[in-house]
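This report examines the salt bridges, the domain interface and the overall organisation of one protein model. Please read it alongside the sequence and structure shown here.

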Amino acid sequence: MEMRLNAASIWLLILSYGASIAQGERTRDKMYEPIGGASCFRRLNGTHQTGCSSTYSGSVGVLHLINVEADLEFLLTSPPSPPYAPMIPPHLFTRNNLMRLKEAGPKNISVVLLINRTNQMKQFSHELNCPNQYSGLNSSSDTCDASNPAKNWNPWGTGLLHEDFPFPIYYIADLDQVTKLEKCFQDFNNHNYETHALRSLCAVEVKSFMSAAVNTEVCMRRTNFINNLGGSKYCDPLEGRNVYATLYPRKPAVENNVDAVHTNEKFILVSCRLDTTTMFDGVGLGAMDSLMGFAVFTHVAYLLKQLLPPQSKDLHNVLFVTFNGESYDYIGSQRFVYDMEKLQFPTESTGTPPIAFDNIEFMLDIGTLDDISNIKLHALNGTTLAQQILERLNNYAKSPRYGFNLNIQSEMSAHLPPTSAQSFLRRDPNFNALILNARPTNKYYHSIYDDVDNVDFTYANTSKDFTQLTEVNDFKSLKPDSLQMKVRNVSSIVAMTLYQTITGKEYTGTKVVNPLMADEFLYCFLQSADCPLFKAASYPGSQLTNLPPMRYISVLGGSQESSGYTYRLLGYLLSQLQPDIHRDNCTDLPLHYFAGFNNIGECRLTTQNYSHALSPAFLIDGYDWSSGMYSTWTESTWSQFSARIFLRPSNVHQVTTLSVGIVVLIISFCLVYIISSRSEVLFEDLPASNAASPRPTAC
């Protein structure tokens, strides 16, 4: 019976404890409501830190909606119940307004919320007017003049991406969440402003504490010291992977001389930028910023593969490279140049000889293509090669046979776009580098709004075979100014020009890039990775995410989705079908098994591979972090990003609660002292509980 009672007591305690936990969770859920979004985070370079950070325990601020610029005055002139958290729409998220909030400091402003109300937005770029100005060929105004909109590459830039803020900035994209915040502000905060300090107010708490501070040198020193003791990191270098492939398979290196350069091996280097960036973690598609150039690059590679013979000993090879991390002082191209100088590209593991600068005939770098109708061919110096390539480009661009109706201009000067070619020209100004770049028109460069709408992309979503080339007169049903047709036209012009340069013969055929491949490519990178093109370039049965791949360079161990998809895509488009090799024997590179357009599986001979996109600054012992020679960008570590709204008690309520608590504490101490000092009067002496009981008497 006693055991049953004990068991019942235990079960009762467990049930009571569980009920108390559930009640506590329900109470917490009623007090706090989570808000989804993306946070600004901290990056560092050799001289300073940029970005945002909350306090260690989280930053709290009273919500205040900014509808017009004058609403900021309330926050900047002795607000009644600081700190506040202004909710700012994009058209008011300007450099002037953000710097005023920064000057007000954490005493008045503890959080900034960027809300997705875009109805009045006309421009939104966080990048500098001259991106990567101090890591290119030179820093003079000849290359880019930030004070002159006509001579800079981002006239709409605010530079906020490179500012350091003493408060977290949180982006809220979901309009339902934005409405919820606005309602909370209207219900509790938007009346009787003079009594804010006397009542409860709707507030937000943002947790986005950054571990790193000061600059990369300090952060890496602290990290290396802590790691020697077995601790955690404070920051990580920005690090990713370049992806490259050759038009033709290369000959293997000589077994006893793997470091020997094949001097008779010649390449045309065709390149583009793979990455993009924004202020906020995981948000930003870089649609016009870099994806358009990447799309043209990919279609040039595929058309050349189809037009040229599968194998040739007499023709130049073409080296296609997508550079990663170019948004941060050309990380990928700087490392590529560094490796080539040391004859470490490609790596020995590929079994192919290294490529030296003498192996490169010339470089064609495809930059940003904001306005396809205003493309220029840039070069540092006017050369015979540059003039020859320009003439060939315009020969196809203006030819009535194809009807592209484009006119490509030229500019031979130091006014060079911020592209990967600058890393090569910085090493050697006489390097044959040509850059295709359009006049800047992207008002959302390096921001969260450089998306599908910014490039006006509409998915055609056909079931036709996009891997087949088409005739120039096909697809007249598509609008001539559609994005798919623009990519088709520019890609075909560039590929025909390279065809003539490689073969020495003018292209007279009528086959051009299939605009349906451009349709699928843009859909994959802008809307969903679960798309026909990525499926064709993956292993049969691969499960793909329905989100577009992130194209931020990230850090070691971070997301490298874009590099992975690009690796498979270049491998598929530049490979040779091997119909006689069975699936079981198609397991080791350079053989690769793809699903193919029909998803039935096919073995192909591939040439694609990775190279490191990590700045040489992190490889050189004793590197001078302030020298500016190489990129020094790092990213701070953090534990979590979160935001939630709740009712913050008034200052009077908090003071009252604290006062009552202190009074109760003092009274408790007094009572305990009195009771302890009078214990002999208040309590009688009782026998000890273990005293022996008298023995029973005999009957």
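D339 and R335 both belong to helix α7 (residues 331-341), where they stand four residues apart, about one turn of the helix; helices are DSSP runs of H or I with at least four residues, strands are runs of E with at least two, and both are numbered from the N terminus. The side chains of D339 and R335 form a salt bridge with an N to O distance of 3.0 Å, a salt bridge being a side-chain nitrogen of Lys or Arg within 4 Å of a carboxyl oxygen of Asp or Glu. D339 and R335 are both buried; buried means under 20% relative accessible area, exposed over 50%, and partly exposed in between (1.4 Å probe, protein chains only).

The model is predicted: local features need pLDDT of at least 70 and side-chain atom pairs count only at pLDDT 80 or more, whereas totals for chains, interfaces and linings use all residues. Residues are numbered from 1 along each chain as its sequence is written, and side-chain values use heavy atoms, with hydrogens and water left out.

**Salt bridges**

The structure holds 18 salt bridges. Three of these pairs are listed below.

| Pair | N to O distance |
|---|---|
| D339 and R335 | 3.0 Å |
| K376 and E411 | 3.2 Å |
| E602 and R604 | 2.8 Å |

K376 counts as partly exposed because its relative accessibility is 31%, while E411 is buried, with a relative accessible area of 18%. In the remaining tabulated pair, E602 and R604 are both buried.

**Domain interface**

The domain assignment, automatic or from a database, gives domain 1 (30-210 + 641-654) and domain 2 (239-252 + 260-614). Their centres, taken over C-alpha atoms, are 37 Å apart. Contact (heavy atoms within 4.5 Å) involves 39 residues of domain 1 and 34 residues of domain 2.

About 3,300 Å² is buried between domain 1 and domain 2, with carbon and sulfur atoms giving 64% of that area; buried area is the accessible area (1.4 Å probe) that two parts lose on being put together, summed over both. Within domain 1, the residues that lose the most area to domain 2 are N132, L137 and W153, which together account for 24% of what that side buries.

What is the count of salt bridges between domain 1 and domain 2? The count is zero.

On the side of domain 1 that touches domain 2, the elements giving two or more residues are β2 (38-39) and β8 (169-172). Of these, β8 supplies the largest share, three residues.

**A buried strand residue**

T50 lies in strand β4 (residues 49-50) and is buried, with a relative accessible area of 1%. Beyond its neighbours within four places in sequence, T50 is in contact with F41, R42, R43, L161, H162, E163, D164 and W633.

**Overall organisation**

The protein comprises 16 helices and 25 strands, and its C-alpha atoms fill a box of roughly 125 × 75 × 55 Å along the principal axes. Of the 699 residues, 52% are buried. Among contacts between residues at least 6 apart in sequence, 78% join residues at least 24 apart.
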